[in-house]
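Please read it with the structure open.

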Amino acid sequence: MMRYLLLLSVLFLTACNKPNNKLKEIITTADSVAINYFKGDGTMDTVVKVKIVKDSQVITQLGTLISAATTKVNLKCGYDGSLHFFKKNVVVIDIDFRMNDKDCMYFTFKQAGEMGATILTQDAKQLLNTLNK
């Protein structure tokens, strides 16, 4: 019985931390991304800066970082910005992010009609901060 519970625990923990390959595929096919930076306190009512990125290497890097590890959706965290990925001037996916609260570092998005979330790592935060300069 104890082995069974241990196996279930391991399966549960690994299931929430797997890459989202479909999301990565959607992002990496984009030809540009518009990044909206909010004021950084979790509210999304004030855009303080917009950055347009057309560099395919940066878009691929974002796709890799954003899709790396799925997690449970937590909509109580708020937002520090949003990413809007485009292909031929059409939005292919919108992704919100929270990075200024160490207990709430997530990307959230709608995929196949469902809300999804992935972990925003320190590497992702560093890239977003670098792009904000």
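**Notes on the predicted model**

1. Lys102 and Asp103 are both exposed. Their side chains meet in a salt bridge, with N to O at 3.6 Å. This is one of four salt bridges in the structure. Keep in mind throughout that this is a predicted model.

2. Arg98 pairs with Asp80, and the closest N and O atoms are 2.6 Å apart. Arg98 sits in strand β5 and Asp80 in the loop between β3 and β4, so this bridge ties together parts that are 18 residues apart in sequence. Arg98 also meets Asp101 through their side chains, at 3.9 Å from N to O.

3. Asp101 is partly exposed, with a relative accessible area of 25%.

4. The structure holds one disulfide. The disulfide joins Cys77 to Cys104, with an S to S distance of 2.0 Å. The pair links distant parts of the chain, 27 residues apart. Cys77 is in the loop between β3 (70–71) and β4 (81–87), while Cys104 is in the loop between β5 (90–98) and β6 (106–111). Both cysteines, Cys77 and Cys104, are buried.

5. Why is this disulfide called left-handed? The torsion about the S-S bond of Cys77 and Cys104 is about -65°, so the disulfide is left-handed.

6. Look next at the loop between β4 and β5, which holds Lys88 and Asn89. Lys88 is not a glycine, yet has a positive phi of about 55°. Asn89 is likewise a residue other than glycine with a positive phi, near 65°. Lys88 counts as exposed, at 68% relative accessibility. Asn89 is exposed too, with a relative accessible area of 74%.

7. Which residues form a nonpolar patch on the surface? Val47, Val50 and Ile52 do, with about 260 Å² of accessible area together. Val47 lies in strand β2, which covers residues 47–53. Val47 is partly exposed, at a relative accessible area of 44%.

8. Now the overall fold. The protein chain has four helices and seven strands. Along the sequence, the pattern reads α-α-β-β-α-β-β-β-β-β-α. Among contacts with a separation of 6 or more, 58% are between residues 24 or more positions apart.

9. Burial and surface come next. Of the 133 residues in the protein chain, 38% are buried. The accessible surface of the chain comes to about 8100 Å². Carbon and sulfur atoms account for 56% of that surface.

10. Last, confidence. The protein chain averages a pLDDT of 87, and 88% of the residues score at least 70.

Definitions and conventions: Residues are numbered from 1 along each chain as its sequence is written. This is a predicted model: local features need pLDDT of at least 70, side-chain atom pairs count only at pLDDT 80 or more; totals for chains, interfaces and linings use all residues. Side-chain values use heavy atoms; hydrogens and water are left out. pLDDT is the predictor's confidence in each residue, from 0 to 100. Patches are made of residues with over 30% relative accessible area and no salt bridge: like charges are joined within 9 Å, nonpolar side chains (Val, Leu, Ile, Met, Phe, Trp, Tyr) within 5 Å. Accessible areas come from the Shrake-Rupley method with a 1.4 Å probe; for residues, only the protein chains shown count as cover. Helices (H or I, at least four residues) and strands (E, at least two) are DSSP runs, numbered from the N terminus. Buried means under 20% relative accessible area, exposed over 50%, partly exposed in between (1.4 Å probe, protein chains only). A disulfide is a pair of cysteine sulfur atoms within 2.5 Å. Contact means heavy atoms within 4.5 Å.
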